[in-house]
Amino acid sequence: MNLEESLNQRLEILLSSGVITQRISDYSKTVVKLLINQKPEADCGKAAMFITHLAMAGQRILEGKEEKPLDDQILETVKQEPVYGSALDFLTNMLNQTDLEFPDTEKNFLTVHLCNLLM
């Protein structure tokens, strides 16, 4: 099974178990395509963590729930990573694919996952 199939299968499991909605699944699959285009050789485990967090973040937004903020020290460390700029570019691109309004807390967590993924 290739990376795209693996990530989409993970989303199907979340959808079929009622953890996420079809809307969130569809959006997350769009992001999977963006990810595969940008980093086809991405580590499967890191990609799975990112996509799962993205799907759960989208669902939290739909339900009006908020994640606890990321520790400032972690965020400052991530900002020093050479891939930080690329992570922000990818984040901006993927957020432009949806009308969901991701709060800064979710953006920060997703940026951490993206930096980890893009290293």
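Just after α3, G64 takes a positive phi of about 75°.

Modeller: Quick caveat: this is a predicted model, where local features need pLDDT of at least 70, side-chain atom pairs count only at pLDDT 80 or more, and totals for chains, interfaces and linings use all residues. Residues are numbered from 1 along each chain as its sequence is written, and side-chain values use heavy atoms, with hydrogens and water left out.

Biologist: What makes residues 44-63 helix α3?

Modeller: Helices are DSSP runs of H or I with at least four residues, numbered from the N terminus, and α3 has 20 residues.

Biologist: How do you know what span to expect for α3?

Modeller: Take 1.5 Å times one less than the number of residues. For α3 that gives 28 Å, and its first-to-last C-alpha reach is close to it, at 28 Å.

Biologist: Why is F50 called buried?

Modeller: Buried means under 20% relative accessible area, with a 1.4 Å probe and protein chains only. F50 sits at 0%, so it counts as buried.

Biologist: Which residues does F50 touch?

Modeller: Leaving out residues up to four places away in sequence, V31, L35, F90, M94, L110, H113, L114 and L117. Contact here means heavy atoms within 4.5 Å.

Biologist: What makes α5 oblique to α6?

Modeller: Their axes, lines fitted to C-alpha atoms over the stretch in contact, cross at roughly 125° and come within 9 Å. Under 35 degrees is roughly parallel, over 145 roughly antiparallel, 65 to 115 roughly perpendicular, and the rest oblique. So α5 is oblique to α6.

Note on methods. Helix = DSSP H or I, 4+ residues; strand = E, 2+ residues; numbered from the N terminus. Buried < 20%, exposed > 50% of the residue type's maximum accessible area, 1.4 Å probe, protein only. Axes fitted to C-alpha atoms, helices over the stretch in contact; angles between N-to-C directions.
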